[in-house]
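Please find below some notes on the model, as numbered points.

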Amino acid sequence: MDITVKCTRCRHQCPSSDWVNIPSKRFSGCTEKTCPKCGCRSYFDMTPQVAWCWASGLIEIGDQLPADAPDGGGAIEICAGPKFALKGTLAALARRGYEGQLLVPGVPEASGQRKKADALAAWLNWCAKGNGKKSSDGVVFSGGHA
């Protein structure tokens, strides 16, 4: 599978198949993939992913948003971005549950659907302030609407 990667040193972005195999200096008889521009051996995985939350406040990450249920209920998309940055960004901004899962702050404690939606909208508006900044690493949060 050919994924898009970005060099950690020179930030050159290309398919992983474009990386060059060179003889390894550490292991005889082996090769290492290196950046075609600078020779670096490490990269970021730029595979696009999406994160969503459920009515319970539980946040999940995957390649695509799950389909809505027949009754109209479903997941709400909260952000999208490259695989290397999405989980770390969410881990910094979300709340941790008892089993280590990520939760939208304020949603699990809210008493009604309207209060849950208001808590989600407030959190998304706060998170979206970082959209477009260099430090966001390409992670874009949905605008919070209630």
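1. I22 lies in strand β3, where strands are DSSP runs of E with at least two residues, helices are runs of H or I with at least four, and both are numbered from the N terminus. I22 counts as partly exposed, at 34% relative accessibility; buried means under 20% relative accessible area, exposed over 50%, and partly exposed in between, with a 1.4 Å probe and protein chains only. Leaving aside neighbours within four places in sequence, I22 is in contact (heavy atoms within 4.5 Å) with C30, T31, E32 and T34. The C-alpha atoms of I22 and T34 are 7.2 Å apart, and the two residues are twelve apart in sequence.

2. This is a predicted model, in which local features need pLDDT of at least 70 and side-chain atom pairs count only at pLDDT 80 or more, while totals for chains, interfaces and linings use all residues. Residues are numbered from 1 along each chain as its sequence is written, and side-chain values use heavy atoms, with hydrogens and water left out.

3. Strands β3 and β4 pair in the antiparallel sense over four bridges; pairing requires that DSSP finds at least two bridges between two strands. N21 has K33 in β4 as its bridge partner.

4. S16 sits in the loop between β2 (13-15) and β3 (20-23) and counts as buried, at 18% relative accessibility. The S16 side chain makes a polar contact of 2.9 Å with the side chain of D2. A polar contact is a pair of N or O atoms within 3.5 Å; within protein, one must be able to donate a hydrogen and the other to accept it, and residues adjacent in sequence count only if both atoms are side-chain atoms. Beyond its neighbours within four places in sequence, S16 is in contact with M1, D2, I3, V5 and K33.

5. An open sheet of three strands has the order β2-β1-β5, with antiparallel pairing. Its edge strands are β2 and β5, each of which pairs on one side only. Strand β1 (residues 4-7) is joined to β2 by three bridges, and T4 stands opposite P15 in β2.

6. In helix α1, A85, L86 and L90 are buried. These residues cover an arc of only 125° around the axis, so they lie on the same side of α1; the arc is that of the directions from the helix axis to the C-beta atoms. Among the elements covering the buried residues of α1 are β6 (48-53), β7 (59-62), β8 (76-82) and α2. The face turned away from the buried side carries the exposed residues K87 and A92.

7. The structure holds three aromatic pairs. Rings of Phe, Tyr and Trp (its six-membered ring) pair if their centres lie within 6.5 Å; planes under 30 degrees apart count as stacked, over 60 as edge-to-face and the rest as tilted. One of the pairs, F44 and F84, is stacked, at 4.3 Å centre to centre and 25° between the planes. F44 lies in strand β5 (residues 43-45) and F84 in helix α1 (residues 83-93), so this pair ties together parts that are 40 residues apart in sequence. F44 is partly exposed at 23%, and F84 is partly exposed at 27%.

8. W123 and F141 form an edge-to-face pair, at 6.0 Å centre to centre and 85° between the planes. W123 lies in helix α2 (residues 113-127) and F141 in strand β11 (residues 140-141), so the pair ties together parts that are 18 residues apart in sequence. Both W123 and F141 are buried.
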